[in-house]
Amino acid sequence: MGEIWIVNFSNNSQQFIDEELLKNLPESIVNRALRYLNKESFLSFITGRLLLKKAISENEYSSFSIENITYSDKGKPSFTNVNFSISHSNGYVVLIFGTVFQVGIDIEKRKDIDLKLFKYLFTDLEWSDIKEDNNPLDRFYWYWVRKEALLKAVGCSLKEIKKLFVFEKHGIYNNERFYFEVFNFHSDYNGIVAMEKELFLKVRCVELEELLN
């Protein structure tokens, strides 16, 4: 069984000053966090690393540290023999952690956007399916979270997004099948996990305060 961790930092981050959040992270992570000029990006990064730190401690991976994250040549993060994935959108941060196989997670808050700006990311067939749907915006997000989660699972770059073929329950990249599992946590958001192997998932919501020592 796998576990999806969810934090909504937008509700209670104001009660903590930045120093309180940063003091729970190692210096190398703090230095990286301080590069973010946008406040939401800054808080998303910090919360994601605090969430990962909490998951490590609760799963008894005593030899792991968030300073020991390795990155593939295309930027996919992992630990040796243990995989994780983090996503964030509009105040929410989510994490899946602890699988020996490849995983990717994505969440998106549905909001009005100019769809034509994203046309270049889809095949002609996918774009036709989006535009001809009764609700093109919903169909766009249906595709987008699946492609983002699959992209993270396989560790490819955005340049290869048209090579990611997505369906209701699975996605394919280079003839390799990944399984999709939808998870619900808020009526305004889409959430999905792409997994190399099928796994039952449960959702765990935690407060930001629980991530602090």
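Reply: Start with burial: a residue counts as buried when its relative accessible area is under 20%. This is a predicted model, and in its chain buried residues make up 49% of the 213 residues.

Me: What radius of gyration would a compact globule with 213 residues have, and what does the chain have?

Reply: The general rule is 2.2 Å times the number of residues to the power 0.38. For 213 residues that gives a value near 17 Å, and the chain has 17 Å, so the two agree. The C-alpha trace spans about 50 × 35 × 30 Å along its principal axes.

Me: How many helices and strands does the chain have?

Reply: There are five helices and eleven strands. As for contacts, the general idea is to ask how far apart in sequence the partners lie. Of the contacts between residues at least 6 apart, 55% join residues at least 24 apart.

Me: Which residues are closest to the centre of the largest pocket?

Reply: First the volume: the largest pocket holds about 640 Å³ of space. It is lined by 24 residues, and Gly75, Pro77, Ile86, His88 and Lys152 are the closest to its centre.

Me: Which helices and strands each supply at least two residues of that lining?

Reply: They are helix H3 (39–58), helix H5 (136–154), strand E4 (83–89) and strand E6 (103–109). By residue class, the lining has nine nonpolar, eight polar and seven charged residues.

Notes: Residues numbered from 1 in each chain as written. Predicted model: local features only at pLDDT ≥ 70, side-chain atom pairs only at ≥ 80, totals over all residues. Heavy atoms only, no water. 1 Å grid on protein atoms, 1.4 Å probe; cavity = no way out; pocket = protein on both sides within 12 Å on 5 of 7 lines; lining within 4 Å. Points joined across faces, edges and corners; volume = space filled by probe spheres on them. Helix = DSSP H or I, 4+ residues; strand = E, 2+ residues; numbered from the N terminus. Nonpolar A, V, L, I, M, F, W, Y, C, P; charged D, E, K, R; others polar. Buried < 20%, exposed > 50% of the residue type's maximum accessible area, 1.4 Å probe, protein only. Contact = heavy atoms within 4.5 Å.
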